[in-house]
Amino acid sequence: MSVNVLYRTSARATGGRDGRSATLDGAVDVKLTTPKELGGAGGDGVNPEQLFATGYAACFLGAMKFVASQGGGTKVPADATVTATVGIGPRSAGGFGLDIALEVSLPGVERAAAEALVAKAHEVCPYSNATRNNVDVRLTVV
């Protein structure tokens, strides 16, 4: 499947999980630290799973707003939130894999309408499309 790319960005990492990662335009520049749970020292840096979680949460909220703007009838309230929880660990088939859960809060939106909006957003969100058929993403309306 081809993609009509409307925006592109690049980031460069050095030092792996205990280094730095920055976008080439300088907008993001973070110190990376391996969590203790993965055998690292922990510390005040961030890790790729944290970055993935923040990106997925923001992107999924944007996907819900996009779906709502297409005449779905359900509006996304200003205080809506998406909490992305990303886990990492060894896979039974070898290598490492991710475990992802999205908790969506849509205050004031009826549960059935909220669940329908979340399902539609999951079909259009690029992070959801990137993980589909590869990583099980659990969706929960809270």
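1. What is the count of salt bridges between domain 1 and domain 2? In this predicted model, the count is one salt bridge. The partners are the side chains of R17 and E49, with an N to O distance of 2.6 Å.

2. The domain division places residues 1-46 in domain 1 and residues 48-141 in domain 2. Between the C-alpha centres of domain 1 and domain 2 the distance is 21 Å.

3. On the extent of the interface, six residues of domain 1 are in contact with five residues of domain 2. The two domains bury about 490 Å² between them, and carbon and sulfur atoms give 67% of this area. On the domain 1 side, the most area is lost to domain 2 by R17, L38 and V46, which together account for 75% of what that side buries.

4. The largest pocket has a volume of about 210 Å³. Its lining is made up of P48, E49, L51, F52, L98 and Y127. Helix 1, spanning residues 48-72, provides four residues, the largest share of that lining.

5. By class, five nonpolar residues and one charged residue line the largest pocket, with no polar residues.

Definitions and conventions. Residues numbered from 1 in each chain as written. Predicted model: local features only at pLDDT ≥ 70, side-chain atom pairs only at ≥ 80, totals over all residues. Heavy atoms only, no water. 1 Å grid on protein atoms, 1.4 Å probe; cavity = no way out; pocket = protein on both sides within 12 Å on 5 of 7 lines; lining within 4 Å. Points joined across faces, edges and corners; volume = space filled by probe spheres on them. Helix = DSSP H or I, 4+ residues; strand = E, 2+ residues; numbered from the N terminus. Nonpolar A, V, L, I, M, F, W, Y, C, P; charged D, E, K, R; others polar. Domains from an automatic or database assignment. Contact = heavy atoms within 4.5 Å. Buried area = accessible area lost by both parts, 1.4 Å probe. Salt bridge = Lys/Arg side-chain N within 4 Å of Asp/Glu carboxyl O.
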